[in-house]
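Subject: Structure for your review

Dear colleague,

Please find the structure below, followed by an account of what was found in it. I would be grateful if you could read the two side by side.

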Amino acid sequence: MSAVFKASPVFSMRQDSLLPPDDPLRQTLHNEVHARPSASLKLPVVVHYVAVLNEGVARADEHAHLCRLPGQEALPPEALGANFLRLNFEGFSVKWERHTEFTRYSVVQALPEGLDATPESLDALPPAVTADWLRDVPGRTFAALKLVLLEQHLGSPGKVVADARSWFDDSPIVASVMGAVQGPGHSVVVTDFQLRPTGWEHIVVIAEHATSETRAGRIAQRLLEIETYRLMALRALPVAKALGPLLGRVEAGLASITERLHQRDTSADALLDELIALAARVEHLTAEHQYRFNATEAYHTLVQNRINELHEGKSGAAQTLGEFMQRRLSPAMATVALTAQRLTDLSRRIERASALLRTRVDIATDLRSQALLTQLSEGQSTQLRMQATVEGLSIAAITYYVVSLLLYVFKALKLQGWWPLSPELSAGIAIPLVLAGVWWTTRRIHRRFFGHGPAA
């Protein structure tokens, strides 16, 4: 069985001497819009579509798996470089697409003639690839769809939908007339969003006669992406539900801390320890789950965009895809958004509580510093008074010693007959002069070293 592979188109760019040098990303970014072209589907056709989570799955593993297809033993690894690859075989094709979190495999084949319009016949319709190859796709399945596209005149979309019910069980169906906004509509899509025991979901599209192959490819791509992105968006819902009680306990703990902030008998250190524990917990939860919440928001936006691109209208009493998503998906997205917002609000509230606690600690520190400065000031005043007292005693002591020395001098002079007055009288007369001299010398020293005191 012969096969050829077709990767995303790459356009060579002639380097013109009139242009400045290319940015290294110019060609890559330019070719991004051509990275995943829609398939051209010739009706009637069936698409077996499987999307698997590729966490822990290397590109080499997927390449090895694609090499197991007939005639692809020599498939070069660089063929997977653009994250898109279409392999054409006789009677069917296989498309491989790798995304950040998941990888998609689509097996496109002609619908067998005379296929009965029953759920059982669609369940029994096998993909063109072998069962072992499909079962061994690396990764974990999160979406598996059988998309049937038929040709039929859409004279009465309501009757078309009624006829398409035979492809499904008795479960309620969702139906939309696509392209109804711009005209009478070019196709009708019917599904029940039910996961069947075989593991597949069923989607049936009835397109008007002469529907182009490119339009059929775009229809198939949008419908498959709607279901893929819907399921990826819902991956955050179990996380949000599990976080609900935990966030409730964290909020209660934070409320208790803020309640005790104004109580002076509560230790600031104890409050700080509790607040740090809460902050660490919230930051851990944010780091662990913020990507999932952001991804959910992005996937939900993609779902809404793809639904808008259908330009759908109603057909009878059945819900349209947009109405179904609004009623069934929006509550889940609101739960996820609320949980993400609670995490953000908790971080902000903890930050405000930390600021209040820091303010309380700063005020207490300032009060302690002020009391310490007051004690130091009082100690300095006491020291100055003691110093003044000591200086007074020192002046008296120095005066006593100087006068005692003068007394000996006067006695010696009297003994030699050189001093007419009594030594004791002379010493008594010298006391005021010596006291004044000692005091004047002390003031000079003060003025020289401390910058105060009367000028000499």
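In which loop is Pro44 found? Pro44 belongs to the loop between α1 (26-31) and β2 (45-53), where helices (H or I, at least four residues) and strands (E, at least two) are DSSP runs, numbered from the N terminus. The peptide bond that leads from Leu43 to Pro44 is cis, and its omega is near -5 degrees.

On provenance, this is a predicted model, in which local features need pLDDT of at least 70 and side-chain atom pairs count only at pLDDT 80 or more, while totals for chains, interfaces and linings use all residues. Residues are numbered from 1 along each chain as its sequence is written, and side-chain values use heavy atoms, with hydrogens and water left out.

Backbone in the loops

Two residues other than glycine may be noted for a positive phi. For Asn83, phi is near 65 degrees; this residue sits in the loop between α2 (59-66) and β3 (84-89). Asn83 is partly exposed, at a relative accessible area of 23% (buried means under 20% relative accessible area, exposed over 50%, partly exposed in between, with a 1.4 Å probe and protein chains only). For His311, phi is near 50 degrees, and the residue is placed in the loop between α8 and α9 (321-415). His311 is also partly exposed, with 31% relative accessibility.

Helix packing

Two packed helices are described by the angle between their axes and the distance between the axes. Here the axes are lines fitted to C-alpha atoms, for helices over the stretch in contact, and angles run from 0 to 180 degrees between N-to-C directions.

Helix α7 (residues 236-260) packs with helix α8 (residues 268-310) at an angle of about 155 degrees, their axes being 11 Å apart. The two helices are therefore roughly antiparallel (angles under 35 degrees count as roughly parallel, over 145 as roughly antiparallel, 65 to 115 as roughly perpendicular and the rest as oblique). The crossing of α7 with α8 is left-handed, a term used if the near helix is turned anticlockwise from the far one by less than a right angle, with right-handed used if clockwise. On the α7 side, the residues that meet α8 include Leu243, Leu246, Leu247, Val250 and Gly253; their partners in α8 include Leu278, Arg281, Val282, Leu285 and His289. Contact means heavy atoms within 4.5 Å. The residues of this contact divide into 15 nonpolar, three polar and four charged (Ala, Val, Leu, Ile, Met, Phe, Trp, Tyr, Cys and Pro count as nonpolar, Asp, Glu, Lys and Arg as charged, and the others, Gly among them, as polar).

Helix α6 (residues 213-233) also packs with α8, at an angle of about 155 degrees and with axes 8 Å apart. The pair α6 and α8 is thus roughly antiparallel, and its crossing is left-handed. Among the α6 residues in this contact are Arg222, Glu225 and Tyr229; those of α8 include Tyr299, Arg306 and Glu309. The contact of α6 with α8 comprises 10 nonpolar, two polar and six charged residues.

Salt bridges

The structure holds 19 salt bridges, each a side-chain nitrogen of Lys or Arg within 4 Å of a carboxyl oxygen of Asp or Glu. One of them joins Glu225 to Arg104, with the closest N and O atoms 3.7 Å apart. Glu225 lies in helix α6 and Arg104 in strand β5, so this pair ties together parts that are 121 residues apart in sequence. Strand β5 covers residues 102-110. Glu225 is buried, with a relative accessible area of 6%, and Arg104 is buried at 2%. Beyond its neighbours within four places in sequence, Arg104 is in contact with residues including Tyr49, Trp96, His99 and Thr228.

Glu309 and Arg306 form a salt bridge whose closest N and O atoms are 3.7 Å apart. Both residues lie in helix α8, three residues apart, about one turn of the helix. Glu309 is partly exposed at 32% relative accessible area, whereas Arg306 is buried at 17%. A network of salt bridges links Lys95, Glu97, Arg104, Arg222, Glu225, Arg306 and Glu309.

Asp169 forms a salt bridge with Arg196, the closest N and O atoms lying 2.9 Å apart. Asp169 is partly exposed, with a relative accessible area of 40%, and Arg196 is buried, at 10%.

Yours sincerely
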